[in-house]
Amino acid sequence: MFMVRGSHLLNSLFRPKMANSNYGEEFLKDFRIPKYVLVPESRSENVADVPQCPVLVFINSKSGGQLGGDLLVSYRSLLNESQVYDLGQEAPDKVLCRIYANLEKLKRNGDKFATKIQEKLRIIVAGGDGTAGWLLGVVSDLKLSHSPPIATVPLGTGNNLPFAFGWGKKNPGTDPQSVKQFLDQVKRAKEMKIDSWHILMRMRKPKEGPCDPIAPLDLPHSLHAFGRVSDSNELNMEGRHTFRGGFWNYFSMGMDAQVSYAFHTERKQHPEKFKNQLTNQTTYAKITHSQGWFSSPCSQSTSRDIAQFAKVKVMKNHGQWEDLQIPPSIKSIVILNLPSFSGGFNPWGVPIRKRRNGGFTPAYVDDGLIEVVGFRDAWHGLVLLAKGHGTRLAQAHRIRFEFQKGAIDHTYMRIDGEPWKQPLPVDDETVVVEISHLRQVNILARHGCRSKSVYNPESPSSQGNEEEDWDDEETHESALYRKFGAADTFKLPEEIDISHLS
């Protein structure tokens, strides 16, 4: 209790000083949007001034225990209720489509106020990483000329997305005063772009048994989890199962995904035991130990080594695949887009500037590259606590896993915190998982955040003339990936309980 109060005291000492009177009605006018802009067929209003930072707020009311519900009450007490949405009541794709359709109608009618609102609009999303990714995916689907940038309020367990962009790991507070302080930070935040990544998994239809992903107790609820494409989808191939998905933060396979799978299974079976963040972390550590991931490498089965059951190829230059050598004893591979993994660690670290004779660059969130990192065991992962890094394997535009025939009958995979057990046909050697760049959206970042832009002069290094030349011609396959909208990728099934995203 003392530590919690102490942290609040430090925050109050070091946050920018602003008198409470400055958070009054005049301050809130910078964020409020008139009802007629948000609700079609509403009576037009004469508004004198355009708000500096009009916001739409989406809250997963079931995230963070009672925190989501409390936050919903606070935002609705401060803003126009029509601009604050409970994701448990209405999906964001429906909300945004309705609002943008109304904005276009008003603009056609000569409403300059609506035009300014659209130009300045920002989005706030409160929930776990799954909820934040949902909003990012929906905005990506809209394919706007300038997508509204998104600020993320950390309400989940890992909160990797908020942490990567400077919004912290823990909820900033749900009372009205805390909400006002967060709104002030949103107004001051800068825009950055963030890459999104497409995943394709394809295999021959097995002779026996299904190969659909198996998540804890049921199919994955993550918006980024694999889903089988329909027979009419242009990705579908006769005689094969094809799954596709997408992610913003990371994809991992092996050790960490297996532990995560066991943890999520236990949490879904006994949710009453997982209401405290410290308890959750302790349970996670116990599961890691019980499964042998803290054992010495020589005492672990080599069947867990990634190199024993998968071949990996990477595309560093467009159109050119090359084999990636996976060192023996690597038991987990992480494909990383953001510098935040498993609650805020940075497994890539900060390598020195790339030299002409090879090496790696620092990671950027908008350079069209993903970082590939390997871990030998849980002890290797813990070097991150000492500001170390995992085994850097590659930086690439695309990566491809080919599972070897009969080596294993299943593996574990995880996307942005959502794990599943993936059955593999033992009679087939052509099971493929391929990850490629999809598109970009805008996100809001606080000053000094750990995510860096390749276009931002504040980034720690610049590739300059050492950057490799790319072939401007895209292969047909690459062009096909870019042709897809993300709607199927990020669609939330109607029967899914929103609480699974927290």
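A salt bridge here is a side-chain nitrogen of Lys or Arg within 4 Å of a carboxyl oxygen of Asp or Glu. By this rule, the predicted model has 14 salt bridges.

View 1. Two packed helices are described by the angle between their axes and the distance between the axes. The axes of helix 5 (residues 92–108) and helix 7 (residues 129–142) come within 10 Å and cross at roughly 40°. On helix 5, the contact is made by Pro-92, Asp-93, Leu-96, Cys-97 and Tyr-100. Helix 7 contributes Trp-134, Leu-135, Val-138, Val-139 and Leu-142. Of the residues in this contact, 9 are nonpolar, 1 is charged and none is polar.

**View 2. A salt bridge joins Lys-116 and Glu-119.** The closest N and O atoms of the pair are 3.9 Å apart. Both residues belong to helix 6 (residues 112–120); because they are 3 residues apart, about one helical turn separates them. Lys-116 is partly exposed, with a relative accessible area of 40%.

**View 3. Arg-398, Arg-400, Glu-402 and Glu-434 are linked in a network of salt bridges.** Arg-400 forms a salt bridge with Glu-402, with 2.9 Å between the closest N and O atoms. Arg-400 also meets Glu-434 in a salt bridge, at 2.6 Å from N to O. This second pair links distant parts of the chain: Arg-400 lies in strand 14 (residues 398–403) and Glu-434 in strand 17 (residues 431–445), 34 residues apart. Arg-400 is partly exposed, with a relative accessible area of 21%. Glu-434 has 2% relative accessibility and therefore counts as buried, the cut-off being under 20%.

Methods. Residues are numbered from 1 along each chain as its sequence is written. This is a predicted model: local features need pLDDT of at least 70, side-chain atom pairs count only at pLDDT 80 or more; totals for chains, interfaces and linings use all residues. Side-chain values use heavy atoms; hydrogens and water are left out. Axes are lines fitted to C-alpha atoms, for helices over the stretch in contact, and angles run from 0 to 180 degrees between N-to-C directions. Helices (H or I, at least four residues) and strands (E, at least two) are DSSP runs, numbered from the N terminus. Contact means heavy atoms within 4.5 Å. Ala, Val, Leu, Ile, Met, Phe, Trp, Tyr, Cys and Pro count as nonpolar, Asp, Glu, Lys and Arg as charged, and the others, Gly among them, as polar. Buried means under 20% relative accessible area, exposed over 50%, partly exposed in between (1.4 Å probe, protein chains only).
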